[in-house]
Amino acid sequence: MTDVAEVIQRVIPNVIPDENLVRKAKSVEETIKSRLETILGNYPEIEYRFLGSYARNTWLPEGLEIDVFLLFPESYSFEELEKVGIEIGKQIVDSYELRYAAHPYVHGTVDGVEIDVVPCYRLKSPERIKSAVDRTPFHHEWLKDRIKGKENEVRLLKRFLKAGGIYGAEYRVRGFSGYLCELLIVFYGSFENLVRNASRWRRDLVIDVENEEVRVKKGLQNVLVIDPVDRKRNVAANLSVDSLAKFIERCRLFLEEPSEEFFIARESPVSAERLNYELENRFVYVVVFERPPIVEDNLYTQLERAEKRIKKLLEENEFQVMRTGHHAGQNCYLLFETLSGEVSGVKKHYGPKIESYENSMRFIRKNREYSRFFENGRYVTYRTRRLKKVEQVIEHAIRTQHESMGKDVSDYIRYGSVYSGREILKLDDLLHTLADFLGVKE
């Protein structure tokens, strides 16, 4: 049987950037430095620093991105910091777009390499931070020496997580951030040691990196990793319980049957015939609408909100919802699977208990389409159901309830379309997600 350590040794060369890529990165770094020295001649009070995985040499060959932080004195107002930071960022990169975290920053490229130029405040203590990005220089200072000699252990972890689709703290993924990866390696010492410990993790675990302590906290619903820079902050706050569960499962499977396959992201192709069979035998529905031009994290939070709203309306109309999901590609998609596609043309309407004299008489006198009867001493009658099919409920929801589905999404979902059954196969942009949603494998 293949040994865990043996597999790790075989994988390591694949997670280390080769000499050509390192040379390319260094060349771009020098270009950025040269441009910054010129630009900051007009802003002597502003410093710059290279931070993040590139600066700590924990980046993957496929994940080269250089983070440049502009450190402003506290005398700058927040508005000035944003304005000047964007102006400088535009001059550094060859092409750019504005992105948003705690505040706007410039994302662009230099000689084809992705660059983030992020303004923040130069502070003496993390207790004085004004926005989340102000912590980043402190994170770097805490990690830079502790991570030395363990860079490839971090790379192994990142590739392991990427292959499982749980790397990245963004809302679309809700997985492990790069900073969290580095802290876990510092804490456990190596990738193998982390995997062996994580295979026994529980969701009420507290990992105190600074104090080198693991403990259980009763009532905790997800793992908590205390930020050594800010002990009030949970570094794993964006990690979903399901992403945590996937990681624990992957660790267990890797230990049971070590293989290089755990470090390779693969799409399991599912034939159109198999998908067609599933869609003919199940009740699956997809809402499709134009993608709003908003940042991804905001989009995914609103998609989740819309998904939950429609699920609630389906349940209120007595449809049993088996699973829901959402996806954003060229368009936006909300997915629903129900136990049935249609319910009875009537629904029960409950009245008062027989003990309530006045309410009972009001119920009796009301002119109703159906006669009344009793269930456990309570009045009951039937009402005609207006929305009998799942498609009707979903159509009604997106046309009349769209305003409760997210500020930006609401303006687009109201013009969306509902697909069901085999016609869902027309949505090429959705097919891989659809296979996952249906739990289908060849």
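1. A helix (H or I, at least four residues) or a strand (E, at least two) is a DSSP run, numbered from the N terminus. With that in hand, look at Ala102, which sits in the loop between strand E3 (95–100) and strand E4 (104–110). Please keep in mind that this is a predicted model, where local features need pLDDT of at least 70, side-chain atom pairs count only at pLDDT 80 or more, and totals for chains, interfaces and linings use all residues. Residues are numbered from 1 along each chain as its sequence is written, and side-chain values use heavy atoms, with hydrogens and water left out.

2. Ala102 is partly exposed, at a relative accessible area of 40% (buried means under 20%, exposed over 50%, partly exposed in between, with a 1.4 Å probe and protein chains only). Leaving aside residues up to four places away in sequence, Ala102 touches Ser131, Ala132 and Val133; contact means heavy atoms within 4.5 Å. From C-alpha to C-alpha, Ala102 and Val133 are 6.7 Å apart in space, though 31 residues apart in sequence.

3. Now turn to helix H10 (residues 272–281), where Leu275, Asn276, Glu278 and Leu279 are buried. These residues cover an arc of only 165° around the axis, so they lie on the same side of H10; the arc is that of the directions from the helix axis to the C-beta atoms. The buried residues of H10 pack against strand E9 (283–290) and helix H15 (431–438).

4. Finally, a pair of helices: Leu157, Phe160, Leu161 and Ala163 in H6 meet Phe247, Arg250, Cys251 and Phe254 in H9.
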